[in-house]
Amino acid sequence: MCALMLEFAKLRRRNVWLICFGTAALCLIWMASSAARTAQGSSDGTTSLLSMAPIVNSIVLTLFAAVISSQACETDHEAQALKELLCLQRPATLFAAKLVCSLTLITITVALETGGLAILAAYKGFTDQLSVVEFAAFAICQIGPTFTVAAVVQAVALRWENQFVSLALGLALSLAGLFSLFFPPVIQRLVPSGYFGLLSCVRMSWDAATHVTSSYTVPFTWGDAVLLVAICATVIAVSSVWFSRKEL
Amino acid sequence: MMMQALCAEVDKLRRAPIWIAYVVLPFIAAAIGTFNYQQNLDLLMLGWENLWTQHTLFEFYFFLPALVGAGCSWLMGLEHAGSNWNQLLTSPVALWRIVVAKLVVGTGMLGVALAATGALFVVCGKMVGLVGFPSCDYVVYLLLSWVGGVAMVAVQLLVSLVVRSFAAPVGIALAGSVAGLLLSSKGWGLWWPWALMSLASNANGGGTLAPAELVRFVGVVALFSIAASTICALMMSHAAATSE
Amino acid sequence: MTELTIATHALTKSYSGTRVVDSIELRVPEGAVYGFLGPNGAGKSTTMKMILGLVHPSSGEVDVLGEHMGRKNRLEVLAHVGSLIENPSCYRHLTARENLDIIRRLKGLPVSSIDEALETVGLADTGKKLAGQFSLGMKQRLGLAAALLGNPKLVLLDEPTNGLDPEGIHEMRALVRMLPQTHGTTVLVSSHLLSEVEQMADHVGIISRGQMVWQGSLKELRACAKRQLAFRTTDDQRASMLLGATKQDGWLLAPFADDVTVARLSLALARAGIGVVRIEERSESIEDLFLAFTEGRSL
């Protein structure tokens, strides 16, 4: 807990809150611009709004995860503080504190985005409103893949001082994740941001004959959720050990 | 003097071969794009146009700008590290030359990505059995994209100078691109530096710039590039002057 | 026998087959200012990092503050140790106080320890100035303040006067020299400048190419210095034969001798009709000793 507070103390004046608000705003503006085309009081407005989420989030939230992960690690690298910190903290503690810090920022951003979506849906008077529980479930399904990306990027960002590598990795993951949304589920399972699509209860289908995009709901895929948790846990475990071995 | 500044930047590049990312990104986009094209042959029409869209849509609208952002962060990074301002002030090379050198290198790296995109486009097209070769239009698209990209490189260099972190400018690049997407749909794209590259590239299959727009296009590129570079140089000299 | 604050046993580190630190037996007595002296690249920083556990030794052991350093007790022991290795750590977007607060919280020290440390190094009035705007000397002092936070029992300083102006260097040396008296701290300070070590330390360890070539108190080091007698006479040619001396730069250098022998020699010269113009006692300077040691002369 103390270690977590220290991570936030190190990020003072780094305007991370601006990054969080900006990201949530960006997602909302993007999704709102397409919702603007949906009629007021539409019966599947919320569903079609949420169906955009995987695409928007796999671009924006994945990169957001890479940015905050990289930022948290860059702070220590730039200050050349690791050799001092690791005399006072276990590598695993430092690693975990940074992860929890990223998770906190991700949760806040996703909460803002979800809240914004709920407000937008209410404003447009969509009749297919979701309950608080359903919105919360949606939020958790966005946090999961985002946090997994953050964990992967952190592994690289802590190990190497030059943040270009970690950000390029974040971009590659984002690109791969976005593309994977157009592929069968087996491909989506391979990339962390593919889970934005897998865990979404709203799917889109495009009818070639009528050229109409429609959205439909599917039941929650628990198997994929468990798989994501397993992948995330493995990444964290391996990279934590990898970091502990790093010599300064 | 100019060559000196340029050589210094290229030297840094040699030691940290980040340009590799500028080849890998188009490669990923091409690989997945081609695969996607193959999978959806029943939905899409056959042809070079659709393959181009598959390859470049996401790359040019979001990821290449973000990669350019990362590259510019890296280029500016050495000026932030260890407060090299005293060194800058005593260096015989004028600050604006340093900015121009960075601009040239940044544009060069973008050129690598665009060239890779073009090459991979032709190779993948032949691999999936497309007949003949793509028309010269595509070369025009790439060249215009490169010109448009110069404005983006210049603006990102300024962003990286102002924002001291490495990662944040990459986020700003993405935000700029998304905003560019939204602005383009309203017809304002030609005034937004992040949208210029994607507008010229025909990545969404909607056609590239009309000949009438070319003058305005080049003008806007020049405006943003010169303005951003000048502000960069002024800020650097101010920082150098105010530090001890 | 004094307690040893640091004791290493056959401490070795190899990188790709090359031994950068070779079987070092470091002995730092309690309450000493130990000058760890060696040319650049000799292995000083690597040794210090191994003491702190930042680098894993290829072989050998380290005892700090009477405890054998291992994975389990490492952080417990290091809670009583302060360090400044290579560049001082410094968060540029935080003030001096905020920077030190991070270390303070990790060490569990009271808030007053920050004021104390800032006072000691002379950074007490930086107020809201961000560390990124500090001069190199101020950053160095901030690093020292972090090392001294909470008056630890042991402080490891790696070239602490780097980047300081002459006044700063003088202050830093005075500060380090007084640490055992003012706070009961044992100090291990590394340097490649012999003059600096002479001014600050009372114990010296000389390392060259990864090997410890000499270790002991400063007094013992001075005692190693070769001493000679230098004569100038009216007839150096014949005098050199009588004295068994070698010629050098217009002087005759003879091995050191006690007063009785010197008196006899001067009388012998007089009897031979040679006038003695000058007799000088020459002692090898510590610089020469240092160079000799690092070039492989054994004691």
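Which strands of chain C does helix α9 lie across, and at about what angle to β14(C) does the helix run? In this predicted model, helix α9 (residues 236–243) of chain C lies across β12 (227–233), β13 and β14 of chain C. The direction of α9 is at about 5° to β14(C).

The strands under discussion belong to an open sheet of four strands in chain C, ordered β13-β14-β12-β15, in which the pairing is antiparallel. β13 (246–248) and β15 (276–283) of chain C are the edge strands; each has a single partner strand, so one side of each has no neighbour in the sheet. From one strand to the next, the twist averages 35°.

Strand β4 (residues 33–37) and strand β10 (residues 203–208) of chain C run parallel and are joined by four bridges. Tyr34(C) stands opposite His203(C), a residue of β10(C).

Chain C as a whole contains 11 helices and 15 strands. The radius of gyration of chain C is 24 Å, whereas a compact globule of 299 residues would have a value near 19 Å. Taken along the principal axes, the box filled by the C-alpha atoms of chain C is roughly 80 × 45 × 40 Å.

The contact between chains A and B was examined next. Chain A contributes 28 residues to this contact and chain B contributes 26 residues. On the side of chain A that touches chain B, two or more residues are given by each of α2 (16–35), α3 (45–78) and α7 (163–180) of chain A. The largest share of that side, 11 residues, is supplied by α7(A). Sorted by class, the side of chain A that touches chain B comprises 19 nonpolar, seven polar and two charged residues.

One helix pair across the two chains consists of α2(A) and helix α7 (residues 168–185) of chain B, whose axes come within 11 Å and cross at roughly 20°. This angle makes α2(A) roughly parallel to α7(B), and the crossing of the two helices is left-handed. On α2(A), the contact is made by Ile19(A), Gly22(A), Leu26(A), Trp30(A) and Ser33(A). The residues of α7(B) that take part are Ala168(B), Gly171(B), Ala175(B), Val178(B) and Leu182(B). The contact of α2(A) with α7(B) has seven nonpolar and three polar residues, and no charged residues.

Definitions and conventions
Residues are numbered from 1 along each chain as its sequence is written. Chains are lettered from A and ligands numbered from 1 in the order in which they are written. This is a predicted model: local features need pLDDT of at least 70, side-chain atom pairs count only at pLDDT 80 or more; totals for chains, interfaces and linings use all residues. Two residues are in contact if their C-beta atoms, placed from the backbone, lie within 7 Å. Ala, Val, Leu, Ile, Met, Phe, Trp, Tyr, Cys and Pro count as nonpolar, Asp, Glu, Lys and Arg as charged, and the others, Gly among them, as polar. Axes are lines fitted to C-alpha atoms, for helices over the stretch in contact, and angles run from 0 to 180 degrees between N-to-C directions. Angles under 35 degrees count as roughly parallel, over 145 as roughly antiparallel, 65 to 115 as roughly perpendicular and the rest as oblique. A crossing is left-handed if the near helix is turned anticlockwise from the far one by less than a right angle, and right-handed if clockwise. Two strands pair if DSSP finds at least two bridges between them. The radius of gyration is taken over C-alpha atoms; the globule rule is 2.2 Å times the number of residues to the power 0.38.
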